Structure formats: structure tokens, C-alpha cells
Amino acid sequence: MEFDTIEVSVDGPRGELALARPEKLNPLSSHTLNEIEAAAGWFDGHDDLKVVVVTGRGRAFSAGADVSSFGAGTEGAPARSPRDDADSGWRMARAMEEMRAVTVAKVQGWCVGGGLVLAAVCDLRVAARSARFSIPEVELGIPLAWGGIPRLVREVGPAMTKELVMTCREFSPDEAKEAGFLNRVVDDDQLDAAVDELVARLVRMPKLAHTNAVTEAMVSTGRSWSDVDGLLGGLRDPEGRESARRYLERVRSKRS
């Protein structure tokens, strides 16, 4: 199946979904979110598929949501409403979480904001030791949307979720593993081998019954569709926009 911003493939029981805009650190534009949602349905059409590896090309898993793309539409298509585009992340997360195949996030480099939500909807997560995580949404003047809050509460608990979301601080793979977000942390040159070993073990099993029904009952994401209201409000708030400007200037200075 052909996409513009992601790459997908299936080889027997194993599949891969790769964010494929490495020059931009794999941002999650509204178009990319829609492509991921469509890819989840495409994977479900492969009866022999058991495991899908979710990763990012280049030196990052994902730099997070590209809110500047909201309302822009795509080439040859009319502009969409900001509400439709803001809601696309919620639909993506639900589609990925409800896939029949087991999903394994392979994380290298930066995993930021919406990128962390994408990793959170995967069943299992393996990260390179040099990976770095952050949730900068509050500093950007917007909430962590797409059901990110309940999903993080399920994985790391309410106290750690509050700290990471409210402080926006960077955290390491070792801290993420200790908190329960990651299954494994490996040296960078062992990441591919570690994921291959995990996938090989998973595909030897009968088709696995997801535990998502249990975790959804523990902390439901059903009401997270309303995240879009907070996101749209944040995008209009002057204080939030000024905070976002300072954050982006700081990030650009670090990269230059």
C-alpha cells in the first residue's frame, strides 16, 4: 500500500509501519495521522499477520504533533476544519490500539509528545539507550491530547503522569523503563537485534489475544474524544502561543 509520509510492509506474520519523514524528525501532521489510521485497517486485512513493528526512519522516532498543519488540507484537496484535523490524532490512536496484530514500538532518538502517544498505543516498547523522551505540550500551550493522559496513567501511574506532563522535562530510557513505560532498553547497536528477537518469539505463538480490553477497563480512553476541545482552546490562547514561541526558539537553538 502506498503512502506519502509513512512506509508499510508485510512479510508473512511480520509487518512494519515506519514514519518516513526523517529530514523533519518524523512529525505527525494531520495527513500522517490519517495515513496511520488507514494503515491500521490495511494491516487488519492480512489474516496471517501477527506482529507489526512501529518505528521512525532516521535519527528520531517522532518529533511529535505538527499542529501547524491543522486546517491546511493536502495537495489537491480542500482545507479541513481545525476540529477535524485535531480529532485525527484520537482516531489514529484508537485504530492502532484496536489492531488485531500485536504492535512493538522500536524507539530511537527523540520520542516527543504525540510521538510518545503513538508509542504508548503499542503493546510493547523497546528503546535504544540514546533515546530521549519528553511531553512538551503544556509548555506549547496545549494539552496532551489523543487519549495520551489515560494511556500514560495505565502505563506509569497517575503521579508520574502528572509530573511528566506538568513539568515537560526530558526523561531517559532508563527512567522510562523503571516507570514501566518500556519493556527493554538496549545499546543503540543492539536495537534491531533485540526487536527481531522479540518479534521472532511473538510470531512463534498462536495468534495472541490482546490485553487491551483489560487495560481499557482499568483506565478508559473512551472520553478522550473531548481532548480536541482543550487542544483547540490552547491553540487560541495568547499566553500559550507565547510560551510555544519561546519553547520552539530554545529547541531550534539546541539543534543549530
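Predicted model: local features only at pLDDT ≥ 70, side-chain atom pairs only at ≥ 80, totals over all residues.
Although cysteine 168 is not a glycine, its phi is positive, at about 60°.

Leucine 25 also has a positive phi of about 60° without being a glycine. Its place is in the loop between β2 (14-19) and β3 (27-28). With a relative accessibility of 5%, leucine 25 is buried.

## Overall composition

The protein chain contains 10 helices and 11 strands. Of its 256 residues, 48% are buried. The accessible surface of the chain comes to about 12,100 Å², and carbon and sulfur atoms account for 52% of that area.

Helix α3 (residues 114-121) is mostly covered, with 8 of its 8 residues buried. These residues are Gly114, Gly115, Leu116, Val117, Leu118, Ala119, Ala120 and Val121.

The largest nonpolar core has 47 residues, of which Leu17, Ile36, Met96, Leu118, Phe133 and Phe181 touch the most other members. Helix α3 gives the most to this core, with 6 residues. Apart from it lies another core of 13 residues, including Val53, Val104, Val186 and Leu202.

## Surroundings of phenylalanine 181

Which residues does phenylalanine 181 touch, not counting residues up to four places away in sequence? The contacts of phenylalanine 181 are Leu116, Ala119, Ala120, Arg125, Phe133, Leu152, Glu155, Val156 and Ala176. Among these, Leu116, Ala119 and Ala120 are buried residues of α3. Phe133 is, like Phe181, one of the residues that touch the most other members of the largest core.

## Proline 206, an exposed loop residue

Proline 206 is found in the loop between α7 (191-203) and α8 (212-218). Its relative accessibility is 60%, and proline 206 therefore counts as exposed, the cut-off being over 50%.

Proline 206 and lysine 50 are separated by 156 residues in sequence, while the C-alpha to C-alpha distance between them is 8.6 Å.

Notes. Residues numbered from 1 in each chain as written. Heavy atoms only, no water. Helix = DSSP H or I, 4+ residues; strand = E, 2+ residues; numbered from the N terminus. Buried < 20%, exposed > 50% of the residue type's maximum accessible area, 1.4 Å probe, protein only. Areas by Shrake-Rupley, 256 points an atom, 1.4 Å probe, with all protein chains shown as cover. Core = buried A, V, L, I, M, F, W, Y, C linked by side-chain atoms within 4.5 Å. Contact = heavy atoms within 4.5 Å.
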